Amino acid sequence: MTDNIRNDDFLDNFFVAARTEHPVPDAALYARILADAEGVQAGFNAVCDTTSDTTPQGIFVRLSQALGGGLALAGLTTAAVAGLWIGLAAPQSIHDLTAGYIGMEAAPPFADLMPSLDLFLVEG
Amino acid sequence: MDMPFDTMDEVADDALLVLFANGDLSAARILTLRLTPRVMAHAFRLLGDRAEAEDVAQDALMRLWKIAPDWRQGEAQVSTWLYRVVANLCTDRFRKVKGVELDSIPEPADNTPGPAETMVDKARATALQDALQNLPERQRQAVVLRHIEGLNNPQIAEVMMISVEAVESLTARGKRALAQDLSGRRDELGYYDD
């Protein structure tokens, strides 16, 4: 026990020195890491932009295929088809909704805004 | 929509990460400025080599940027996650470094002790880093997390995914080995009166 206390006292000065004496990043490293961050972030936005390029016609094609072919939609009323379209709204509109929420002090987790959003994005 | 820059300093790491995932450009800048020094310092303490530490820091933060969309606030601390990732990346790069170049340790700011004390601190930090490199990997990680990064034992247990008892054992053994290693250099490290 006494040896442990002596060791701790002896080592404390080393640990104190180590806390302050360490390499700090230079501007080049910051620049590389920020470039990585912005590049990855641009990829997030590109996913949103790409899926928003999916035209309503594309959505309807996929809807009709899901319902069993091009003629299947003919059996639905206009309101029913519109409801399907709103439910599978392009992710860009969801992004805009999120952007509005992000203005709050405590930004909620992205996925928690619409609990079934993940399912929509997978299905969409 | 970006939050005002000056309010971002008070935002927690995980909240900033969520903002980052949602395209907030200032969150990317704040996270980079805030996390890079911490990650690089920790990597350096595990590796003892500045160039390797820079590479590990960049790799670790790249992994963080990529998982940002999947981050769930409140489930884990960003720092815990980063300590774990840095350790895993360092595992692949661990090698004995016989002495750390004094040049790799920066000059202190002007408000720190005078030249004599600074030289002693630099020498002690260098000697400690050298001795850390002689420890088994997990003992080194536990001692660094406890006595340099300032984590408590439960936090270290979470980072290393072991029990608190295991953390205590690793730090105790690590410190015994460090004390033995460094005691032979007492004179040159400023322990004239001991």
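Predicted model: local features only at pLDDT ≥ 70, side-chain atom pairs only at ≥ 80, totals over all residues.
1. Chain A is built from 6 helices and 0 strands, and its elements run α-α-α-α-α-α from the N terminus on. Of the 124 residues in this chain, 27% are buried. Its exposed surface comes to about 7300 Å², of which carbon and sulfur atoms supply 63%.

2. On the contacts of chain A, the count is limited to pairs at least 6 apart in sequence; 44% of these join residues at least 24 apart.

3. Helix H4 of chain B covers residues 50-67, 18 residues in total. The span from its first C-alpha to its last is 26 Å, close to the 26 Å expected at 1.5 Å a residue. At the start of H4(B), the backbone nitrogen of Ala51(B) lies within 3.2 Å of a side-chain oxygen of Asp49(B).

4. The buried residues of H4(B) include Val56(B), Ala57(B), Ala60(B), Leu61(B), Leu64(B) and Trp65(B).

5. The largest nonpolar core holds 57 residues. Phe20(B), Leu64(B), Trp65(B), Leu128(B) and Leu178(B) have the most contacts inside this core. Helix H3 of chain B (residues 25-47) gives the most to it, with 11 residues. A second, separate core has 10 residues, among them Ala142(B), Ala157(B), Met160(B) and Val167(B).

6. Leu178(B) deserves a separate entry. Leaving aside residues up to four places away in sequence, Leu178(B) touches Leu11(A) and Phe15(A) in chain A, together with Leu128(B), Ala131(B), Leu132(B), Leu135(B) and Val143(B) in chain B.

Terms used: Residues numbered from 1 in each chain as written. Chains lettered and ligands numbered in written order. Heavy atoms only, no water. Helix = DSSP H or I, 4+ residues; strand = E, 2+ residues; numbered from the N terminus. Expected span 1.5 Å × (residues − 1). Buried < 20%, exposed > 50% of the residue type's maximum accessible area, 1.4 Å probe, protein only. Polar contact = N/O pair within 3.5 Å; in protein donor to acceptor, adjacent residues only side chain to side chain. Core = buried A, V, L, I, M, F, W, Y, C linked by side-chain atoms within 4.5 Å. Contact = heavy atoms within 4.5 Å. Areas by Shrake-Rupley, 256 points an atom, 1.4 Å probe, with all protein chains shown as cover.
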